[in-house]
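Trainee: Can you walk me through this one? I would like to start with the strands.

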Amino acid sequence: MRDLLVCDLDGPPVSPSDQELSVLAGLSGGPVFAGDVLLGIARQVPRQRGSRRVECVPLGAVLTAKPFRLVYEQSGPRLRHEKVHGHFPRDLRYEEEYAAAVGAAYRRTKIFGLDELDRHDSEWDLDTAYLSLEAQSQANPAPGPQRVDALLADRHRVLLRGDAGAGKTTLLWWLAAHASARTLSDALEPLNGMVPFVVPLRTLRARGSTFPGPFRLPGAAGLVVDSAPDGWAGRVLEAGRALLLVDGLDEVPPEEREEAHAWLSQLLRRYPETRCVATVRPLAVEPDWLGSEGFEELRLLPMRNEDIQSFVTSWHRAARLVAEEEDQVGLGELERGLSRQFTQNATLRDLARTPLLCAVICALHRRREGLLPETRWKLYRSALEMLLGHRDRRRRIDGPEGIDMDVEEHTQLLQRIAVWLVREGQSEFTREQALKQLDRALPGMDRVSAQGPADRVLTHLLNRSGLLQEHTDDTYQFAHRTFQDFLAAKELVEDDHLKELLGHAGEEQWQDVILLAAGHCGRRELPLLVEGLLEAGLTRDEGSQARTDIHVLAALCEQHATWLDRTVRERVRRSTAALFPPADRKQVTALARLGAVALTFLPAPRSVSTDDPTTALVVDLIGEIGGSDALPYARDWARLHPGLGGRFTRTWSHYSADEYAREVLALCDLRSSVVPVRDRDALRALRHLPSVDFLALSADATDAQLREALEEKQLGLVMVHSNAYAKGLTWLTSSAASLMSLSLARCPALQDLDALAELTTLKVLILNVPLLPAERLTPLARVSKLASLRLTSSVDRLSRIPACASVSRLAVKSLLPLALDSLDDWPLLTDLTVSAPRVLDQALAQLRAHPRITGLGLTAFPWADLPGTVQAVPTIETLTVQAPPSGEDVGCLREIFPAVTRLTLSSSAQGAPLDLTPLHDWPGLHVAVAGAHKPSLVGAEELGSRLDIETY
C-alpha cells in the first residue's frame, strides 16, 4: 500500500442504468484533485464500496523528484506543496464562502460625489473606480516610476507609503477582491486563488481589539461569513497561500507601533511564505521600518496629468450609468469642460493629485455647473457644504427621522466626533462612543435637542449627512480621513485649543489637522498658531529634519492666510530661508511641500559649482515642484549646470513634455544620461534633444511612431521597459552604426527581430521574450559584434538558441531546465549563466569539456537534489548561485568547483539564516552575499575582509 493512494469520495457517483457504463469508467490515467490540490493519477475504481473509492498512483514523490522540480521551478510560479488532511473538504467549502464574503465586502466601493447625485445605491463596482497609480521603489529609484501593479508583482512583501487620499486602501481592496475571485491577470496572476486576510488597523482600534493572531485573522475585517473551521487560517498560512493586507499602520498610536512591528514580525517569521502588503502615511514610521522582515518600500506618487484625465473620464462614466436621459448630454459637456480646465489650469491640476481630491473636484464641478474653489481648504469646505446643505432638499426629503438641521448644526455635532477621534488616534468609532460625544454637545444646541434624544440625532447623522459611513455592524467612520481632520481642526480652533495643536506639531498624524486649522483661524488665532509653530521648531536641533518639518508647516499655514501681520510674515520668511538649500533628500521632499513659494528661496545658480552636492539637491527640488512656475528656474539652472542633465531628466514628467524638452533638456549635456520617455508626448518631444545617446522607453507607441521620433537619432543605448504595440525593430535602423546596447522587456506584440542583423555595432543585448517562439530567434546569429547576450525564453536546449560566435558572456533564463548541448558552437564563451541545467551531471561534464568557461551562474542551483558523488569542474573561477533556502551546507560547492576564488550567494530575506562557517577554510576564496535586504548570516565575522555584503 506504500505506492498506492486510496481516496474515498465524499458522496456516491451518479448511478447509471443497467445498460450504461459507470460515470467513473475511463477514469484510469486521469488526474485526481481535492479542490485545487493534485493528489495523484487514477489507477482503478474498485467495484466494491459502491464505486466510492478511487485507487491512485501518488504524485507527491514524483513532483518533488529533481527532473520535475527543475521543470516547474522555471515555468513560472513555483508549485506549492500542501498537506491534504481530514479538515480539507470542510476547509475547501469554507474557502468558497470566504471568497464570496471578500467579494461582497471589497468588490464595491463608494465614489465621492456620486452618492449625493440622486443615486439610491451609492456603491459602485470597484473596477469602475480603480485607477492603477504610479509608485516608485524607495530602495532603487533608478528605473523611475512604474504602475504599482507591476511593482507589486515581483515583491514578496511591500510597505506602501502614500498621502491621505492617495488610494492605499482602494488598492488593498482591489487586490483582495480580485485575488479571491481569481481574476488578476498579467504579472499579478500568481496571486489568484490566494486567501486574502485584510487587517484594517483603524477598525481594530475602534473595537479595542489587540493585533490578531492566526485564529483571529479571518474575522479582523468583520466579513459577513460564518466562523472559520478550527485552525483553518493557520493551515492557509502554513501552506503559503495567504495574502496578508495590513491597512493603516499610521492609525496605530506612536507608542504602540513597536507592538505592531513585533506582531507583524512574529507572524511572518512563523509563516515565512506569507505575502504581505502594508500601508502607511509617508512620515509615520522611519525608513526601512520593516526591512528586517524582507519588506521593500514603495511610495505612491501623485497622479500624473494623464491619470487625472483618466479619472475624470471614469467618474463621469460612472455618473452616466444612472443619470436621467436628459442629463446625459449635460454630463458629457461637464466632462469636456473639466478636462479642458485641467489642461489649462496648473493650479487646479495640483489640487487634484490624489484620487480623493480629484473626485471632490469632479463632484463640485457638477454641483456648481463648472465653477470651482481655488484652494485646498475651500475645496473641503465646499464639499462639506455640498453634502450637508441641500442634499435632502434636492431629494425632496423633509425632516427625516424627525430631525431637521442646517449646515452649521450638522457641522457642530460632527466636529465633536471628529476631534475625539483625532485625540484618540483613531479613525473609526462605535455607536456608544459617538453617543457620548453627542450627549456633551446637545445641551448647548436647544433647537436640535428639542427634536429628539442623542440616539435619534446620531441615526440622522449616519443616514443623512453623507459624511459618515458604516464600516462594520457596530463601527463607523468618516467618508475619508481628511474630512475628519478638517472638522477636528474646526473644533479645536473654535474651542480655543491652539496649545493642544502646537503640542502635537512634531507628530505626522497631526500635521494635516494643524494645516487645516490655519484655514479656520481668525485674525487673532492665526498669528498665535504660526508663531507657536516657529517656536516649536526652534526647540529642535538646527538643521534637523524635525525642525524642517515644523517650519515648513508654519510656512504652509502662512501661505494660505488671507490676512496675517506683516511682522509674523517676515519672521516666517526668515525661518523658511534658513531651511535652504536642502541638505539631503528628506529635506528636498519636505521643502517641496511649499510648492512654488520654495523657488523664491533658492540660491542663485551662479553661486554654487556643479560638483557641489547642494547643486544636485536644488535641481531635485525644482523638479519635485515642477509645473509652469518651476520651468524658468529649471531653465536657469540647466543653462549654468548642463552637466546635471541626468537630474533634470528624472522629473520630465512633472512638466509639459514639449516645453520642458525645448527650454530645459535641450540645454543639458545628456550624452552620459539615460533619458526616460514615459509617454507619447515625451517621445514626440525628443526632436528637441539633439545630444541624446541613451534612452529608456516605457511609452506604448507603434513602430511608426517610434520610427518618426527616432529617425534622426544615433543612439548608443536603448532600454525598452514596456511597449504594448511595437511589433518589430525597424525603428532602430537609424542607429544601426551607433547602437552598442539594447534591452527589450514586456513587449508582448514583438514578433520580428530581423532588424537586429543591421545593428553592426551592437555588443550587449538583453532580450526578455518568454513567449516568443524559438524559431523567431534566428536573427541572433547574424549580430556580428555581439559580446554579451542575456535571453529570457522558453527554450529547453542551448542548441535551440542560434549561436553567436562572437559572444563571450551568455545568460539564459529559461522557463524550462536547459540542456547544455551545443557549447562547441560558442567558441568565445567564457562566462555562462543559466537558471537550471536539465541534468546537473551532464552539465558539469559539458563544462569540463569546455575549460575556456571560467565564470558560471546557476540561479536555481539544485541544493536539495545534489547527487551523492560529483566529479569536480576544476576550471570555474567565479561562481554565482542562490543561497541555500533551507540551511543546506554551502561547503559542498568546494567539492564541485574547487578552483573558485569569487563566490556570490544571492540571498532572500525569507530564507533560513545563511551559515558561512563551511567557507572559512576555503583558501583564496572571496565571498559576496547579495540581496534586496541585509541577510541573516552565521559565521560572517571570521571571513573578515574576504566577505562583501551587497544590498540593492
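Mentor: There is an open sheet of 4 strands in the order β1-β4-β3-β2, and its pairing is antiparallel. Two strands pair if DSSP finds at least two bridges between them. Strands are DSSP runs of E with at least two residues, helices are runs of H or I with at least four, and both are numbered from the N terminus.

Trainee: Which strands stand at the edges?

Mentor: β1 (5-8) and β2 (31-34) do; each has a single partner strand, so one side of each is left without a neighbour in the sheet. On average, neighbouring strands of this sheet are turned by 50 degrees against each other, direction ignored.

Trainee: How many bridges join β1 to β4?

Mentor: 4 bridges join β1 to β4 (residues 53-58), and the two run antiparallel. Leu5 stands opposite Cys56 in β4.

Trainee: Before I go on, where does the model come from, and how are residues numbered?

Mentor: This is a predicted model, in which local features need pLDDT of at least 70 and side-chain atom pairs count only at pLDDT 80 or more, while totals for chains, interfaces and linings use all residues. Residues are numbered from 1 along each chain as its sequence is written, and side-chain values use heavy atoms, with hydrogens and water left out.

Trainee: New topic. How many aromatic pairs are there?

Mentor: A search of the whole structure finds 14 aromatic pairs. Rings of Phe, Tyr and Trp (its six-membered ring) pair if their centres lie within 6.5 Å; planes under 30 degrees apart count as stacked, over 60 as edge-to-face and the rest as tilted. One of the pairs is Phe211 with Trp263, which is stacked at 5.4 Å centre to centre with 20 degrees between the planes.

Trainee: Where do Phe211 and Trp263 lie?

Mentor: Phe211 lies in the loop between α7 (201-207) and α8 (232-238), and Trp263 in helix α9 (residues 257-270), so the pair ties together parts that are 52 residues apart in sequence.

Trainee: Are Phe211 and Trp263 buried or exposed?

Mentor: Both Phe211 and Trp263 are buried. Buried means under 20% relative accessible area, exposed over 50%, and partly exposed in between (1.4 Å probe, protein chains only).

Trainee: What about Phe580 and Phe601?

Mentor: Phe580 and Phe601 form a stacked pair, 5.4 Å centre to centre with 20 degrees between the planes. Phe580 lies in the loop between α25 (566-577) and α26 (585-592), and Phe601 in the loop between α26 and α27 (613-625), so this pair ties together parts that are 21 residues apart in sequence. Phe580 and Phe601 are both buried.

Trainee: What joins Phe580 and Pro581?

Mentor: A cis peptide bond, with omega about -10 degrees. Most residues other than glycine have a negative phi, and most peptide bonds are trans.

Trainee: Which residues have a positive phi although they are not glycine?

Mentor: Among them are Arg182, at about 60 degrees, and Arg746, at about 50 degrees. Arg182 lies in the loop between α6 (168-181) and β10 (195-200); at 47% relative accessibility, Arg182 counts as partly exposed. Arg746 is in the loop between β20 (741-744) and β21 (764-768).

Trainee: Last one. Which residues have the most contacts inside the largest nonpolar core?

Mentor: Phe197, Phe648 and Trp652 do, in a core of 280 residues. A nonpolar core is a set of buried Ala, Val, Leu, Ile, Met, Phe, Trp, Tyr and Cys residues joined through side-chain atoms within 4.5 Å. Helix α13 (residues 355-367) gives the most to this core, with 9 residues.

Note on methods
Axes fitted to C-alpha atoms, helices over the stretch in contact; angles between N-to-C directions.
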